[in-house]
Amino acid sequence: MREHILQWPEDAGKLDALHSGDIVYLSGTIYTARDAAHRRFVSLLQAGEGTPVDLRDSAIFYAGPSPCLPGHVCGSIGPTTSSRMEIYKEDMMKAGMKLMIGKGSSDPGLPALCQRYGAAYLVAMGGVAALTAHCIRSMETVAWPELGAEAVRRLTVERLPLVVIDDIYGNDYFIDLAQKCE
Amino acid sequence: MRAIHVDEIRAAVRKLCIDANLYLPSDVTAALENLSKKENSPLTEMCLTQFRANREVAAAEGLALCQDTGTAVVFIELGQEVQICGGLLTDAVQQGVADGYRDGYLRKSIVTALSRINTEDNTPAVIHLRLVAGEHLLIRVLPKGGGAENMSRMAMLKPSAGVEGVCDFVVDTVKLAGANPCPPVIVGVGIGGNFESAPILAKQALMREIGSRNPDPELDELEQKLLMRINQLNIGVQGFGGPDTALAVFLESMPCHFASLPVAVNLNCHVARHQQVIL
């Protein structure tokens with residue numbers, strides 16, 4: 001288990017240093033998107049149209065924050081279950097998404113997809129959303145504000161603590177753990 | 001006969017929604033703190049440290065413990081000697097939920113099921129109303145996050161499956177859920193009743209105090225056995241492995257048709273929120 005500090009998207013080319021089980025402190029620019037936004041992203045991509053956010057080298061945080069208190073940058077924020085986004089992941093990777101940040105088990109095809117597209121799946125801690133809000137330095141809604149908490153937001157994050165589940169070599173922390181157990 | 005005005009109910013529900021989302025019950029906090037007392041892997045230790053810091057930040061800054069402030073599940077025990085005045089009980093509860101989610105800066109996560117249009121105020125709450133003896137009104141609010149709820153399961157087992165079948169179904173549910181429901185989880189199990197009653201029993205079970213014993217000796221023994229089996233699955237805190245997959249297993253049972261053996265397993269995340277008040 002190693003620790004890495006990543007600046008995004010500047011370090012998008014450094015994913016080869018990450019291995020499943022490593023800890024990452026992520027700083028830089030990432031975007032929130034969950035179920036509803038993914039459906040819209042992928043229908044645009046499949047229609048050959050542009051997306052409101054450039055997905056090349058993007059980091060997508062599967063998250064929908066709580067409303068922002070006055071004087072705060074961001075409300076409580078944390079990961080949602082990533083396997084719900086399973087059917088959208090390959091289209092998003094084809095469009096250039098390199099980092100997925102969520103929580104929970106990977107879907108069965110994910111390790112192979114990460115290997116093929118050089119992408120990684122990292123988990124943020126679930127159920128620590130007040131604390132995670134401290135890692136958010138700025139937040140701006142950049143697409144589909146009508147989706148409320150599900151709108152796409154550009155976040156500037158600082159030292160967001162994450163754990164690598166799927167690296168670009170086809171390893172998966174949770175699958176390896178289950179196999180070791182059996 | 002005692003009169004309770006709907007305004008009092010509305011205000012109480014508003015406060016319960018906010019408090020439940022900001023402050024963890026003391027038994028849940030104690031159970032999580034207990035995990036820190038032993039030797040843990042570095043990843044588990046990192047999680048437990050963050051859990052503690054999160055509780056402190058949430059309380060100090062008035063932020064929700066989890067961004068998923070859930071579906072508001074409201075259990076009401078209404079004494080038969082109480083007369084609700086000034087309006088309808090359920091309207092007061094729904095308005096209290098809307099007030100609480102607005103004023104507490106809690107996330108509005110409720111959408112129409114098929115067209116997925118947000119209702120904007122986190123209503124409708126799911127309300128379970130029970131008439132009881134007495135002159136009191138008990139209200140319990142359990143904000144239930146989607147992640148753990150999605151991993152819950154229900155089955156109409158054959159009676160031949162027996163106790164073993166029930167236990168296997170419970171353990172398999174936790175195993176299939178893996179890291180998704182934000183372990184360490186609380187496992188609520190409803191056994192018996194009907195297709196609709198087993199899941200409600202399971203949900204009620206989630207509000208039992210951690211450390212309390214089941215008054216039924218057979219169920220009490222099963223709870224201990226199930227907890228042991230679940231904690232051998234090596235899912236662990238946040239799925240990173242280890243013996244702390246569940247904080248507790250709570251069983252509730254009622255008689256059922258002799259052709260049936262309904263069993264429902266409702267999982268709750270480690271942010272196992274609920275608050276209650278008696279008016």
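Student: Which residue stands opposite B:Gly193 in E8(B)?

Tutor: That is B:Cys256. Before we go on, please note that this is a predicted model, in which local features need pLDDT of at least 70, side-chain atom pairs count only at pLDDT 80 or more, and totals for chains, interfaces and linings use all residues. Residues are numbered from 1 along each chain as its sequence is written, chains are lettered from A and ligands numbered from 1 in the order in which they are written, and side-chain values use heavy atoms, with hydrogens and water left out.

Student: What makes strand E7 (residues 185–193) of chain B and E8(B) a pair?

Tutor: Two strands pair if DSSP finds at least two bridges between them. Nine bridges join E7(B) to E8(B), and the two run parallel, so they meet that definition. Strands here are DSSP runs of at least two residues (E), and helices are runs of at least four (H or I), both numbered from the N terminus.

Student: Why are strand E6 (153–157) and strand E8 (246–256) of chain B called edge strands?

Tutor: The open sheet has four strands in the order E6-E9-E7-E8 (chain B), with mixed pairing. E6 and E8 of chain B each pair on one side only.

Student: What makes the contact of A:Glu150 and A:Arg34 a salt bridge?

Tutor: The term asks for a side-chain nitrogen of Lys or Arg within 4 Å of a carboxyl oxygen of Asp or Glu. Here the N to O distance is 3.4 Å, so the pair qualifies. It links distant parts of the chain, with the two residues 116 apart.

Student: Is A:Arg34 buried or exposed, and how do you know?

Tutor: A:Arg34 is buried, because its relative accessibility is 12%. Buried means under 20% relative accessible area, exposed over 50%, and partly exposed in between (1.4 Å probe, protein chains only).

Student: Why is B:Asp168 called partly exposed?

Tutor: Its relative accessible area is 31%, so it falls in the middle class. B:Asp168 also forms a salt bridge with B:Arg229, at 2.9 Å from N to O. B:Asp168 lies in helix H6 (residues 162–177) and B:Arg229 in helix H8 (residues 217–230) of chain B, so the pair ties together parts 61 residues apart in sequence.

Student: How many salt bridges does the structure hold over all chains?

Tutor: The total is 26. In chain B, a network of salt bridges links B:Arg10, B:Arg14, B:Asp99, B:Arg102 and B:Asp103.
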